[in-house]
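Q: Please go through the structure shown below with me, one topic at a time.

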Amino acid sequence: MTLSKETIKQLYHTHGISNDILLALLATDTWDEELFAYADRVRREIYGDAVYVRGLIEFSNYCKNDCYYCGIRAGNCKAVRYRLTKQEILDCCREGYRLGMRTFVLQSGEDAYFTDERICDIVSSIHSRYPDCAITLSVGEKSRESYLAYHQAGARRYLLRHEAASDALYAKLHPEQMQLARRKQCLQDLKEIGYQVGAGFMVGAPYQTLSDIVSDLRFLQTLDPDMIGIGPYITHNDTPFSGFESGSLSLTLRILAIVRLMFPHALLPATTALATISPDGRERGLKAGANVVMPNLSPLGVRQLYNLYENKNCTGAESAQCSDTLCMLIEKAGYHAVTDIGDVKRPL
Ligand code: 5AD
């Protein structure tokens, strides 16, 4: 398999790529500059220089699941748990709205305290106070009826990373009770209900091979999500995976660029995990094709507690308190922070 500038140009024009070429591209940094340049070009053609800013509210770190990679897994008894009250969540939204944000992302572990009734109550309260804002939920695997109820309450977007599209890898990352088929069903239900859906995966997760990443990209092609969340795996000491290394910045950036070229219209966040593994990770993510940032709106005191991974970047440009810094970072990278609702642009 010989790669050349032509290979990347072709990917730019057709958005199609064979498994062999994908594998070869993933395995080398030789073509990164070309990849980033074409990814940036296609993103500018569709989204211009816009970087959408979403306010992230991490409202509970209780979780019933035991994903082996995650710091807030049920089995981590060292995790200090918290829940925000409805009023605290609404206060976060008020602050976000004041800062100009028009999308609120409500994320939590799978916390049984937040029943459907409570989630719907929170969603509809935000919806009635801020009818000009989009509400994104990221609260895990639920029944179709639950997803329907949240939608009726006013949620329009849902983030649920598929985590790993290959059964073998999924089984190595999760306990037996968690099933990839179930996860895929949830994503399907969400799409059918009419949500703008986000899926995604971690780069450099334990046991992940480049072929697994090809499977992830193929799965994303069949799902055709509106948002694709991709960040490096970062080791957490209080998990069964404490002995594994974190994923690399360079492979994550390369995958972001490939994803931008394969999914020109997708909303792609430069994730907090990317900003955590490298001081200039977020900027470099934007230059490799990412067009969304999600500054943290959670109260300062709990931000460090939502520690999916270690040394989470939750000061400075990450925090909404420093939204000027974040805007400057975006401008410096050559883009423009946009705080409007920022819906996905689908091809006509
Ligand atoms: N490193 C990086 N990302 C992680 N996530 C969970 N644990 C980690 C980790 N150790 C990601 C998962 C999840 C999202 C909310 O955070 O992909 O879907």
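A: One term is needed at the outset: two strands count as paired if DSSP finds at least two bridges between them. The model itself is predicted.

Q: Then take β4 and β5: parallel or antiparallel, and over how many bridges?
A: Strand β4, residues 134-138, and strand β5, residues 157-159, pair in the parallel sense, and two bridges join them.

Q: Which residue of β5 is opposite T136?
A: T136 has R157 of β5 standing opposite.

Q: What is the strand order in the open sheet?
A: Six strands make up this open sheet with parallel pairing, and the order is β2-β3-β4-β5-β6-β7. β2 (55-60) and β7 (227-232) are the edge strands; each has a single partner strand, so one side of each is left without a neighbour in the sheet. On average, and with direction ignored, neighbouring strands of this sheet are turned by 20 degrees against each other.

Q: Which helices lie across β6?
A: Helix α8, residues 180-193, lies across β5 and β6 (196-203), and its direction is at about 150 degrees to β6. Helix α10, residues 249-262, lies across β6 and β7 and runs at about 165 degrees to β7.

Q: And how does α2 pack with α10?
A: Helix α2 (residues 19-26) and α10 pack at an angle of about 145 degrees, and their axes are 10 Å apart. On the α2 side the contact is made by L22, L25 and L26, and on the α10 side by L251, R254, I255 and I258. Sorted by class, this contact of α2 with α10 has six nonpolar residues, one charged and no polar.

Q: Back to the strands. Is S108 buried or exposed?
A: S108, found in strand β3 (residues 103-108), is buried: its relative accessible area is 10%, and the cut-off for buried is under 20%.

Q: What is S108 in contact with?
A: With neighbours within four places in sequence left aside, S108 is in contact with F59, S60, S138, V139 and Y306.

Q: What about β1: which strands does β1 join?
A: β1 pairs with strand β9 (residues 336-338) in the parallel sense over three bridges. Two bridges also join β1 to strand β8 (residues 292-293), again in parallel. Y52 has V338 as its bridge partner in β9 and stands opposite V292 in β8.

Q: Which residues of β1 are on which side?
A: In a regular strand, side chains alternate between the two faces of the sheet. In β1 (residues 50-53), A50 and Y52 are on one side, V51 and V53 are on the other, and all are buried, which leaves both faces covered.

Q: New topic. What lines the largest pocket?
A: The lining is made up of Q221, D224, P225, D226, M262, F263, P264, H265, A266, V344, R346 and P347. These lining residues divide into seven nonpolar, two polar and three charged. The space in this largest pocket is about 160 Å³.

Q: How many cavities are there of 30 Å³ or more?
A: The count is two.

Q: Which residues line the second largest cavity?
A: F59, I89, L106, I119, I122, V123 and L137 line this cavity. By class, the lining has seven nonpolar residues, with no polar and no charged ones. Helix α5 (residues 116-129) gives the largest share of the lining, three residues.

How values were computed: Residues numbered from 1 in each chain as written. Predicted model: local features only at pLDDT ≥ 70, side-chain atom pairs only at ≥ 80, totals over all residues. Heavy atoms only, no water. Helix = DSSP H or I, 4+ residues; strand = E, 2+ residues; numbered from the N terminus. Axes fitted to C-alpha atoms, helices over the stretch in contact; angles between N-to-C directions. Contact = heavy atoms within 4.5 Å. 1 Å grid on protein atoms, 1.4 Å probe; cavity = no way out; pocket = protein on both sides within 12 Å on 5 of 7 lines; lining within 4 Å. Points joined across faces, edges and corners; volume = space filled by probe spheres on them. Nonpolar A, V, L, I, M, F, W, Y, C, P; charged D, E, K, R; others polar. Buried < 20%, exposed > 50% of the residue type's maximum accessible area, 1.4 Å probe, protein only.
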